[in-house]
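Reader: Please take me through the terms used for this model one by one, and set each value against its definition before drawing a conclusion.

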Amino acid sequence: MREEVPRAYVDRCDRELQAGGLHGTRPSAGMARLTPQERAVARLVADGATNRQTALELFISVKTVQYHLTHVYAKLGIRSRSELAASFREEEPAD
């Protein structure tokens, strides 16, 4: 059985990392369910890339991009590219 780390401890670790110059953020629960490849595809598509542009950028086929997008949409409970873009906008920290 896996023990859950208290949220306050995780928040403190994030603050310490940021204080040390690292500005990475943890993905939300929905984004954390995505595989690294799904996140890469989703990020490019959310930024406005076509399936073809995404395939070229990641050195994968257009069919593979479609495959990943199908899983991304299902995992995030969304139905469109605009909803995907909105999901990524919600992820970005406010400056």
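Reader: What makes up the secondary structure of the protein, helices or strands?

Author: The protein has six helices and zero strands, and along the sequence these follow the pattern α-α-α-α-α-α. Helices here are DSSP runs of H or I with at least four residues, strands are runs of E with at least two, and both are numbered from the N terminus. The model is predicted, so local features need pLDDT of at least 70 and side-chain atom pairs count only at pLDDT 80 or more, while totals for chains, interfaces and linings use all residues. Residues are numbered from 1 along each chain as its sequence is written, and side-chain values use heavy atoms, with hydrogens and water left out.

Reader: Why is α3 called roughly perpendicular to α5?

Author: Helix α3 (residues 36-46) and helix α5 (residues 62-76) pack at an angle of about 90°, with their axes 9 Å apart. Angles from 65 to 115 degrees count as roughly perpendicular, those under 35 as roughly parallel, those over 145 as roughly antiparallel and the rest as oblique, and therefore α3 is roughly perpendicular to α5. The axes are lines fitted to C-alpha atoms, for helices over the stretch in contact, and the angles run from 0 to 180 degrees between N-to-C directions.

Reader: Which residues make that contact?

Author: With contact defined as heavy atoms within 4.5 Å, Q37, E38, V41, A42 and V45 of α3 meet V65, H68, L69, H71, V72 and K75 of α5.

Reader: Why is H68 called buried?

Author: Buried means under 20% relative accessible area, exposed means over 50%, and partly exposed lies in between (1.4 Å probe, protein chains only). H68, in helix α5, has a relative accessible area of 12% and is therefore buried. Leaving aside neighbours within four places in sequence, H68 is in contact with Q37, E38, V41 and I60.

Reader: What makes L58 partly exposed?

Author: L58, which lies in helix α4, has a relative accessibility of 22% and so counts as partly exposed. Not counting residues up to four places away in sequence, L58 touches A40, V41 and L44. The C-alpha atoms of L58 and V41 are separated by 7.9 Å, although the two residues are 17 apart along the chain.

Reader: How do you know that the buried residues of α3 are on the same side of the helix?

Author: The buried residues of α3 are E38, V41, A42, V45 and A46. They cover an arc of only 125° around the axis, which puts them on the same side of α3; the arc is that of the directions from the helix axis to the C-beta atoms. The buried residues of α3 pack against α4 (51-58), α5 and α6 (81-91).

Reader: Why are the buried residues of α6 said to line one face?

Author: In α6, L84, A85, S87 and F88 are buried. Seen down the axis of α6, these buried residues fall within an arc of 155°, so they line one face of the helix. On the other side of α6, S82, R89 and E90 are exposed.
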